[in-house]
Amino acid sequence: MDSAPTDGVLPKSMHNFDHRGRGRGRGRDEDEVGGLARGTAAGTLDWVNTSSIDQTRTGSRRATKPRWLAREEPRQWIATLPGFAAIIWALTWSVDQDGERDWSVLFSEKSVQLIVLLGVMLLLNALLYFVLTAYAFRGAKGKDLAFIARASAPRTRAEAKRLKQNGLDEVYVAIGAGALSLATLVLLLTGPGVRDSPAATLGTLAAVIGAWLLIILGFAVRYLREWAVRGAISFPDNLDPPTLSDFGLVAVQMSTAYGFGHATMRASSVRRAALTHNVLGYVFNTVIIALVISVALPAVF
């Protein structure tokens with residue numbers, strides 16, 4: 001039996017399949033792809049909790065085969081493209097009439113515009129990521145959902161490391177979103193005359209809402225992969241096969257109640273992710289949201 005890999009990396013038994021689920025150079029047809037989902041490749045389901053996965057495939061093979069958009073990297077890049085465009089646009093604000101660059105302008109004269117830009121960027125990023133994630137895993141549940149999540153997980157440790165270094169790992173995205181919302185709040189509280197601006201307050205609220213959504217979505221996808229790749233999560237009292245919304249519920253419960261609710265953690269890897277989620281959720285709820293409610297909102301309303 002293969003031992004459980006770390007960092008969400010697929011075992012070698014899955015390396016012969018590309019992101020569309022086709023065997024590399026083997027001419028596998030859709031029937032063989034379906035066979036893989038039923039556990040024909042040794043080791044692919046050895047470390048997956050098959051008791052928590054529905055054993056009956058539903059829907060067409062085209063609807064349940066691996067999906068390119070289910071991979072984390074393309075979804076993250078697509079969702080952040082508007083943000084990159086906004087950052088490039090903001091950089092032009094630091095250039096004065098003589099063509100010289102003055103970075104202090106962004107944190108003094110342009111503070112309100114910068115806060116609004118960061119807020120809109122975070123909120124738009126969260127909404128795009130939500131739409132892309134929902135579309136990537138649309139209609140999948142139980143074993144079909146596990147198959148898509150496994151096939152789109154990092155195949156090697158090097159790939160998983162590259163995602164983390166580029167900030168495209170689900171957990172790193174959540175941490176980055178929380179840090180960016182905190183930076184927006186600090187800019188609101190310390191910028192000269194910024195706190196009295198309704199636009200700056202609304203921009204900060206947009207940043208906080210966007211960051212909260214990204215934290216929920218990022219960890220929901222991480223918990224989904226932990227369940228699909230390692231069987232690290234189980235739903236003992238679940239009468240229906242798990243769907244993406246089940247992992248969204250787990251992420252919301254971790255962010256608000258700091259508990260896994262009806263789900264059960266069965267591996268140290270998911271406990272580490274849950275610990276990070278708990279700490280991040282606690283800081284976000286007690287520091288960022290508390291400051292927004294007690295300081296930022298009363299200054300305007």
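1. Confidence along residues 11-60. In this predicted model, pLDDT remains under 50 across residues 11-60. Where pLDDT is low, the predicted coordinates should not be read in detail.

2. Confidence of the chain and its start. The protein chain has a mean pLDDT of 76, with 70% of its residues at 70 or more. Residues 1-8 have pLDDT below 50, and this stretch makes 20 contacts in the model beyond near neighbours in sequence.

3. The nonpolar core. In soluble globular proteins, nonpolar side chains tend to be buried together. Here the largest nonpolar core comprises 57 residues. Those with the most contacts inside it are Phe137, Phe219, Tyr223, Leu224, Trp227, Ile233 and Phe260. Two or more residues are supplied by each of α4 (111-136), α5 (142-151), α7 (170-190), α8, α9 and α10 (268-296). The most come from α8, which gives 15 residues.

4. Aromatic pairing within α8. Five aromatic pairs are found in a search of the whole structure. In one of them, the ring centres of Phe219 and Tyr223 are 6.1 Å apart and the planes meet at 35°, so this pair is classed as tilted. Both residues belong to helix α8 (residues 198-230), where they are four residues apart, or about one turn of the helix. Phe219 has 0% relative accessibility and therefore counts as buried. Beyond four places in sequence, Phe219 touches Val171, Ala174, Ala251, Ala273, Thr276, His277 and Leu280.

5. Aromatic pairing beyond α8. Which residue forms an edge-to-face aromatic pair with Tyr223? The partner is Phe260, with 5.2 Å from centre to centre and 80° between the planes. This pair links distant parts of the chain, since Tyr223 is in helix α8 whereas Phe260, 37 residues apart from it, is in the loop between α9 (244-256) and β2 (264-265). Tyr223 and Phe260 are both buried, Tyr223 with a relative accessible area of 0%. Together, Phe219, Tyr223 and Phe260 make up one aromatic cluster.

6. Met265 is located in strand β2. Is Met265 buried or partly exposed? Its relative accessible area is 28%, so Met265 is partly exposed. Its contacts, leaving aside residues up to four places away in sequence, are with Ala232, Phe260, Val270, Arg271 and Ala274. Although Met265 and Tyr223 are 42 residues apart along the chain, 9.8 Å separates their C-alpha atoms.

7. The two sides of helix α6. Within α6 (residues 157-165), the buried residues are Glu159, Ala160 and Leu163. Viewed down the helix axis, these buried residues fall within an arc of 100°, so they line one face of α6. The face turned away from that buried side carries exposed residues, namely Arg157, Ala158, Lys161 and Gln165. Just after α6, Gly167 adopts a positive phi of about 70°.

8. A charged group over a ring. Arg138 lies over the face of Tyr135, at 4.0 Å from the ring centre.

Conventions. Residues are numbered from 1 along each chain as its sequence is written. Side-chain values use heavy atoms; hydrogens and water are left out. Buried means under 20% relative accessible area, exposed over 50%, partly exposed in between (1.4 Å probe, protein chains only). The arc is that of the directions from the helix axis to the C-beta atoms. pLDDT is the predictor's confidence in each residue, from 0 to 100. Contact means heavy atoms within 4.5 Å. Rings of Phe, Tyr and Trp (its six-membered ring) pair if their centres lie within 6.5 Å; planes under 30 degrees apart count as stacked, over 60 as edge-to-face and the rest as tilted. A charge sits over a ring if NZ of Lys or CZ of Arg is within 6 Å of the ring centre and within 35 degrees of the ring normal. A nonpolar core is a set of buried Ala, Val, Leu, Ile, Met, Phe, Trp, Tyr and Cys residues joined through side-chain atoms within 4.5 Å.
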